[in-house]
Amino acid sequence: MIEFLQQLINGLAQGSIYALIAIGYTMVFGVLRFINFAHGDVYMLGAFAGFYTAPKLMGLFGGGPSYAGAALVLVSAMSICAVIGVLIERVCYRPLRQHPRLTVLITAIGVSLLLESGGQYVFGADPQAFPEIIADAAIEFPASWGIFSTLTITIGQVLVVGSTLVLLLVLRTVVLHTRTGMAMRALSLNPMAASLMGVNLDAILSFTFAIGSAMAGAAGVLTSIQQPSIDPLMGINAGLKAFVAAVLGGIGNIPGAALGGLLIGLLEALVVGYVNPTYRDPLVFAVLILVLLFKPSGLLGKPEREKV
Amino acid sequence: MRRLNPKILLILAVVLAAVANVFSSSINPYYYDILITIGINIILAVSLNLVIGYTGQFSLGHAGFMAVGAYFSAWVTLNFGFVLGATVPATTTVYVLALASGGLVAAATGLLVGVPSLRLRGDYLAIVTLGFSEIIKGVIQNAEPLGAQRGLGGIVQHTDIFWTFTGVALAVYGILALVHSTYGSGFLAVRDDEIAAEAMGINTTKYKVLAFVIGAFFAGLAGGLYAHFKQFIHPEGFNFLKSVDIVVMVILGGMGSTAGVCLAAVILTILPELLRAVSDYPWLPEPVRNLADNRMILYSVLLIVLMLNRPQGLFGKLNFGSRKS
Amino acid sequence: MQTPQILRVLALAASVSIPVFSAMAEGEIPVGEFASLTGASASFGQSSHKGTELAVEQINAAGGVLGKKIRLITEDDQSQAGQPATIVRKLISQDKVVAILGEVASSKSLEAAPICQQNKIPMISPASTNPKVTEVGDYIFRVCFIDPFQGTVMSKFARGKGWKKIAVLTDVKQDYSVGLAEFFVKDILANGGEIVREQKYSTGDKDFKPQLTSIKAAQPDAIFVPGYYGEVSLIAKQAKLLGIKVPLLGGDGWVGDSLLKVAGKSLDGSFFSSHFSASDKAEKVQNFVSKFKAKYGEVPDDMAALGYDSAMILADAMRRAGTTESAALRDAIAGTKGFDAVTGMITLDANRNASKSAVILSIGNGGFEFVESVQP
């Protein structure tokens, strides 16, 4: 029982990371109808952005682990990733907007391969130790809690789940209560009508990529707090899982991406803990296939009809 | 020029392969390896072209079908290699049967993937086929009789120029004959406008599944040739990167252009080997050699630049024969 | 228009495959090396390559062998299956190498070995520990010990410590890890011990809390984690966070630059078996470590030491054979006895595997400490 509860907590923390990455997939798909294959690698770049900026930024707060410093590292990694995301869109995807989606997808695969092999060339293939920006430790529970006191929740896990929640709320506000957010929603509903109504497509697309990439960058740093070993290929697996999460929740749907991320995280933890880890990846893909076959619009998405 | 009868060309190609095979012992083994790899890649690219180029169904899981063919045929020759005796004709018969059955099992897998994927298109289909090939890899990684994570070794080398290029001739001829037949124009119709095709009474479902099944059959055949050439196969040899490799051949060659796709398969097999030679020249400046050493970076940049400038492929219009596809 | 197109394709194929003759100077001995310099296992491939490169440099600086210098021709297999076979064919037929060094990963060595065997070119693998590798044929050698030996080294050590209830956490993507675990478990069970929980993970995983939670519930005396340092460091860190206080045990895959950087103090009190210890006071080892640091600016790991030894053993065999002719060279390599290598006294046994001692190291105070040496 306690073990099961513990697995749920583990899954929740991992799921938050997937949720943050999944948002980028889902937002881009919402407005552009294409899968940004390179998104998982932006998450990797977020971790490395944190890795390179942390020593300087943490120095401002005495050099040791501190919450203020960590917040600054998080923000800087998010900004760097936002810029990278916008650049990728400008250089690689924008010129292809009128082309078949297949062409864009291939380009995205190319960008992904470039970021991975380029990452190995620039950062080195060896895993790097992410600096300790927060002193991660288990939270002690009072013994009076009975068997619940044997549960282990770490500061890192609480921070990851907490930051994810905060970021999701901010995103919700932006999407629902700002003009840009409204333009974004209009675009995903009907691009043609939206641009006729004066929505600036280029600006909104840049903005979408910036937000999505910033979320991935945040995920990169948050994951490194818990798992301080980063390498240039870390985005492949996380990216695929997050994509499945986005589809599960209903691609194009932001709350769906968050929900899908959490579910995939939980599923993984339970499969690993109780079944067999070798079946984890095949099972996640099986979930994806089943969702696409029986409810292609995902858990929270609205069904869409192919128009002639 | 009058168009030659394709059937005569098919026979000619097989005879040529047989003749070339006689001289195989005098070919430098490295070039021999590249030549066989070219043949295998042509089969893979041409068969994927049927799915992507002619039928417009984007598949990212071709390496999965290749894996099925490779493992099944290797399993057959490893377990039943000598049931007909140890003579050359006997083992060759088993080898050919293994190749064929590997292709058929892959085709069955293609059916398994094709039918449920029918409801999907574009990016969704790409991801689902990618998912299926990962599942295939996962199953192999857990299958003890197939060597699981250790890989499967001890496969006898049977594949030579004759069998490889007979396979190439069959794949090229088979697929060209199919799409150029009256029956086969259904593939193009599905690609060009699925809804219109449906309205014209074309059974789009049948064509899509058929493309998957035939594509998978030849991918399985290529897998069998591969396994009996390399003599050792490993699940990681059939990963996402391998699928991307084949897709790039199709894109570079120009979707729906069989000749272009063949040419792309040749170029993309030889190019990395040429880069190898570049990095061997000590007098070249360091950065050039470094770049040549990092072929993956070069490859991805090429891919992006190509997509941005010639999304229709390098040889979009190139084709065997004069008939339009 | 059919034939001309095909002809053009063939002409292109022919024109690009015109032999690119390597500039082969007389008085050089070409030796081939294949390694994963890029791709998923690049960190191991780069290490062993650096060791090999350093060895060849030192051999040549000391006058080479048989009056000639060794020319090392290195090819990158990009960590991709299918590449080693092609590369080895290239090295043999185009570069006319007399011997081949490589690979770290057993799956890559297993692909190259049949080709070396068929061409009768001796191949020495620095670090492929799967027993199957040298079973391919009598031209295939290795300078590392094999999984059965290393697995039991650690199980004997655990038994000596009186640990009875052991949990095992294996990397199922690495046959190395699976192999080690198999022989470890066999030995523990055969001697009255108990395996209380067996958990698995895959290379590249970052979150091990689910597995560790399950292991914690089984209350073991020690946990055997025969994986690579990239994952082990995270496993150790997360184990401590989950309140697991028992020592972790492991193998040579633990040695890597980032192990302690990532794990910090969480590995203190753990033990692992290895080929050599960079803190070994022996002159041979210190010499190697300082030269390596001077050239690459980092402390050599086991892969580097094994890469170094593979080249040194080859050079030694060439000297003893007095020729680089393949049969004689093969016999000379097979006859390697008591070669004083960085990773210990190496004798190649009848199965062409290195028979040599392993060392057990403990972790503490931010470094490794030598505990004991285990004879085969």
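This is a predicted model: local features need pLDDT of at least 70, side-chain atom pairs count only at pLDDT 80 or more; totals for chains, interfaces and linings use all residues.
On the H9(A) side the contact is made by Lys241(A), Ala242(A), Val244(A), Ala245(A), Ala246(A), Leu248(A) and Gly249(A), and on the H10(A) side by Gly256(A), Ala257(A), Leu259(A), Gly260(A), Gly261(A), Leu263(A) and Ile264(A). By class, these residues are nine nonpolar, four polar and one charged.

H2(A) crosses H8(A) in a right-handed sense. Residues of H2(A) in the contact include His39(A), Tyr43(A), Met44(A) and Gly50(A), and those of H8(A) include Ser213(A), Gly217(A), Val221(A) and Thr223(A). The contact of H2(A) with H8(A) holds nine nonpolar residues, eight polar ones and no charged ones.

Chain A is also in contact with chain B, through 32 residues of chain A and 30 residues of chain B. On the chain B side, the elements that give two or more residues are helix H5 (122–141), helix H10 (240–253) and helix H13 (295–309). H5(B) supplies the largest share, eleven residues. The side of chain B that touches chain A is made up of 20 nonpolar, seven polar and three charged residues. Elsewhere in chain B, Gln231(B) lies in the loop between helix H9 (204–230) and H10 of that chain. Gln231(B) is not a glycine, yet its phi is positive, at about 70°. Most residues other than glycine have a negative phi.

Chain C is divided into domain 1 (28–144 + 283–356) and domain 2 (147–274). The centres of the two domains, taken over C-alpha atoms, are 29 Å apart. Eight residues of domain 1 and eleven residues of domain 2 take part in the contact between them. The domain 1 side of this contact comprises one nonpolar, four polar and three charged residues.

One sheet of chain C is open and has five strands in the order E2-E1-E3-E4-E5, with parallel pairing. Strand E2 (69–76) and strand E5 (140–142) of chain C each have a single partner strand, so one side of each is left without a neighbour in the sheet. Strand E1 (residues 28–35) of chain C runs parallel to E2(C) and is joined to it by eight bridges. Within this pair, Val31(C) has Leu72(C) of E2(C) as its bridge partner. Two helices pack on this sheet. Helix H2 (residues 42–61) of chain C touches E1, E2 and E3, and its direction makes about 165° with that of E2(C). H4(C) touches E1, E3, strand E4 (123–125) and E5 of chain C, at about 160° to the direction of E4(C). The loop between strand E3 (100–101) and helix H4 (106–119) of chain C contains Glu103(C). Gly102(C) and Glu103(C) are joined by a cis peptide bond, with omega about -10°. Most peptide bonds are trans.

Another open sheet of chain C contains seven strands in the order E7-E6-E8-E9-E10-E14-E15, and its pairing is mixed. Its edge strands, strand E7 (194–201) and strand E15 (367–374) of chain C, each pair on one side only. From one strand to the next the twist averages 25°. Strand E8 (residues 222–224) and strand E9 (residues 248–250) of chain C run parallel and are joined by two bridges. Ile223(C) has Leu248(C) in E9(C) as its bridge partner. Helix H9 (residues 229–241) of chain C lies across strand E6 (165–171), E7 and E9 of chain C and runs at about 170° to E9(C).

Strand E14 (residues 358–364) of chain C runs antiparallel to E15(C), with seven bridges joining the two. Leu361(C) stands opposite Phe370(C) in E15(C). E14(C) and E15(C) form a hairpin with two residues between them, and Asn365(C) in the turn has a positive phi of about 55°.

How values were computed: Residues are numbered from 1 along each chain as its sequence is written. Chains are lettered from A and ligands numbered from 1 in the order in which they are written. A crossing is left-handed if the near helix is turned anticlockwise from the far one by less than a right angle, and right-handed if clockwise. Helices (H or I, at least four residues) and strands (E, at least two) are DSSP runs, numbered from the N terminus. Two residues are in contact if their C-beta atoms, placed from the backbone, lie within 7 Å. Ala, Val, Leu, Ile, Met, Phe, Trp, Tyr, Cys and Pro count as nonpolar, Asp, Glu, Lys and Arg as charged, and the others, Gly among them, as polar. Two strands pair if DSSP finds at least two bridges between them. Axes are lines fitted to C-alpha atoms, for helices over the stretch in contact, and angles run from 0 to 180 degrees between N-to-C directions. Domain bounds come from an automatic or database domain assignment.
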